[in-house]
Amino acid sequence: MNEKSFNDGLHADALTHEVTFEDPLTLACGLILPTHKLVFETYGTLNKGRNNAILICHALSGNQHAAGLNTEGRPGWWDHYIGPDKPIDTNKFFVVCPNNIGSCFGSTGPNTINEDTDKSWGPDFPPLEVSDWVNSQVFLMEYLKIKCWSAVIGGSLGGMQAMHWAVSHSNRLKSAVVIAASLKLSAQNIAFNEVARRAIMSDPDFHDGAYLDQDVTPKQGLALARMIGHLTYLSDSALGRKFGRLVRNGDLDAAEKALVEFEISSYLNYQGDKFADNFDANSYILITKMLDYFDLAQSFNDEAVDAFSKSSCNFLIVSFSSDWRFSPQCSKEITDALIEANKNVSYLQIDSDQGHDAFLLPNRRYEDGLRAFLFATSNHLNGAVK
Amino acid sequence: MNITALISNWIESKSRLLDLGCGDGSLLKTLIDQLQVRGYGLEIDPVSINNCIRKGINVIEQDLNSGLTNLNDGSFDTVLMTQTLQSLRYPHLVLDEMLRIGDQAIITFPNFGHWRTRASLLFNGRMPVTKQLSYQWYDTPNIHFFTYKDFETLCVERKIKIVGRVFVGGYSSTLGMDRVWPNLFAQTAIYRLRK
């Protein structure tokens, strides 16, 4: 990486970087990663005071490509929200999005080489917790010589990282945006993750996770896991509106119905297959477990109010009305705990029929809310608001 | 003295303040700037909510008519509600909730006993449409009409102590008429309540 590009204020769009940290990272499980690599993208310009940086935390299946077009011309997963004049305005902010460890898009994870064995980590990659992702992001922050994030922003698992930042590194962020997240997963959520993991492990090509040694991947299992997950991220009404009972192939009026394929079936199969081509099964297992293990208040006697007691940043909490994986009630619990802990917090409950996926999709109120919150944040930065 | 100044007299500096139906956060911002209170507003109007956020005011999207059970007993020093009581489905229940959550409640509402509204009904035979109550009867958020006397009767019934009371009129206040005969001349009533 060119150090100069972060120092002299070059304006950059979707610049991809990578860095290998030679300092050991001690994980929550007690194991140590002696070195680890992070790939990350940056958008916008780091100012002279180095205080306009925003960290974007990706969720389960996310990666470093949050905005702009990559070399294949594909827009990032949050391109609607990050860019010049967009809610996360890269004319004002320097936006950093890493691919987190344990994932599979270039950062150290199950599909990278373990230097001790010269083979892929595979199923031997250490179990991770949200705190490990955040601690690795602290390495990145120090590497970029950023003392304090202007904001840490994330949806779903990303929101959990934002909360963890606020709880564990309170003096290193000015604001946290926690979108469609929860203090901990419900039994139903854990159950959905377990079904997904079993789908992967049941694939004959899984080989107890050592599939890369066999030169195969458990695509069927991973596709099935994704289909289940994807379905739970949508709502009944959004599916009904988009697909209804539309038929893609065959004829429902014909006597022979075996040839009938519904649009929703085709869509879901396509989503599953596409995902299985791009994601690593061990990463999926690892990161769904990370979600299951997350419990912000666990080490605070289950008191979320106590967990937040040392936080000093301003919070924006956002939920979506039709999200049943991370319901508005989950976000309300976060909000209520922050109010009781006497923290600055605003809460938005956005009307949407898009389910959990709404956090990634265009929505006027959501955009306006983010924009307004970051406006106040940047005012704060400039000392205009006390 | 204007209404904001009257309200701020009753609020301790650096205390915890909850504003029910905070609108665009203007009043809350004034009180935060003047008194360094830790303030939170509850609001349901999307545009107002956004205006609060832009100002850096804490605003929680929550419908007062769906209850306030998420807020703990005694978790605020003051619960404030301005010009909103008349639009709630169950004003008496919200009053009780305000005094469960807060040590004190401060409340303002339009006095329907004001002579203009009385005169409108008396002489026109039609429901009044005034500057303060500017809606037609069939399309108004103001679903309860009451006078300050009605309000005080309710407080007695619900064992709510009135510890402060100020009436503010229009031009009549310069003559002191709103103090002499408040139910006729006060446009806005401001109450400070405790349990």
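How close do the axes of helix α4 and helix α8 of chain A come, and at roughly what angle do they cross? The axes of helix α4 (residues 187–201) and helix α8 (residues 281–293) of chain A come within 10 Å and cross at roughly 160 degrees.

## The model and its numbering

This is a predicted model, in which local features need pLDDT of at least 70 and side-chain atom pairs count only at pLDDT 80 or more, while totals for chains, interfaces and linings use all residues. Residues are numbered from 1 along each chain as its sequence is written, and chains are lettered from A and ligands numbered from 1 in the order in which they are written.

## The two chains

The secondary structure of chain A comes to 11 helices and 16 strands, where helices (H or I, at least four residues) and strands (E, at least two) are DSSP runs numbered from the N terminus. With 386 residues, chain A has a radius of gyration of 21 Å, close to the 21 Å of the globule rule, so chain A is as compact as a globular protein of that length; the radius is taken over C-alpha atoms, and the rule is 2.2 Å times the number of residues to the power 0.38. Along the principal axes, the C-alpha atoms of chain A fill a box of roughly 70 × 50 × 45 Å.

Chain B has 8 helices and 7 strands, and its C-alpha trace spans about 45 × 35 × 30 Å along its principal axes.

## Domains of chain A

The domain assignment, which is automatic or taken from a database, gives chain A a domain 1 (3–186 + 296–381) and a domain 2 (189–290). Their contact takes 26 residues from domain 1 and 23 residues from domain 2, two residues being in contact if their C-beta atoms, placed from the backbone, lie within 7 Å. The side of domain 1 that touches domain 2 divides into 9 nonpolar, 12 polar and 5 charged residues; here Ala, Val, Leu, Ile, Met, Phe, Trp, Tyr, Cys and Pro count as nonpolar, Asp, Glu, Lys and Arg as charged, and the others, Gly among them, as polar.

## Helix pairs in chain A

Axes are lines fitted to C-alpha atoms, for helices over the stretch in contact, and angles run from 0 to 180 degrees between N-to-C directions. Helices α4(A) and α8(A) are therefore roughly antiparallel to each other, given that angles under 35 degrees count as roughly parallel, over 145 as roughly antiparallel, 65 to 115 as roughly perpendicular and the rest as oblique. Their contact has 7 nonpolar, 2 polar and 2 charged residues.

Helix α2 (residues 130–143) and helix α3 (residues 157–168) of chain A come within 9 Å at their axes and cross at roughly 70 degrees, which makes α2(A) roughly perpendicular to α3(A). Among the residues that make this contact are Trp133(A) of α2(A) and Trp165(A) of α3(A), and the contact divides into 5 nonpolar, 4 polar and no charged residues.

## Where the chains meet

The contact between the chains takes 17 residues from chain B and 22 residues from chain A. On the side of chain B that touches chain A, β2 (38–43), α3 (46–55) and β3 (58–61) each supply at least two residues, and the largest share, 6 residues, comes from α3(B). That side of chain B divides into 6 nonpolar, 6 polar and 5 charged residues.
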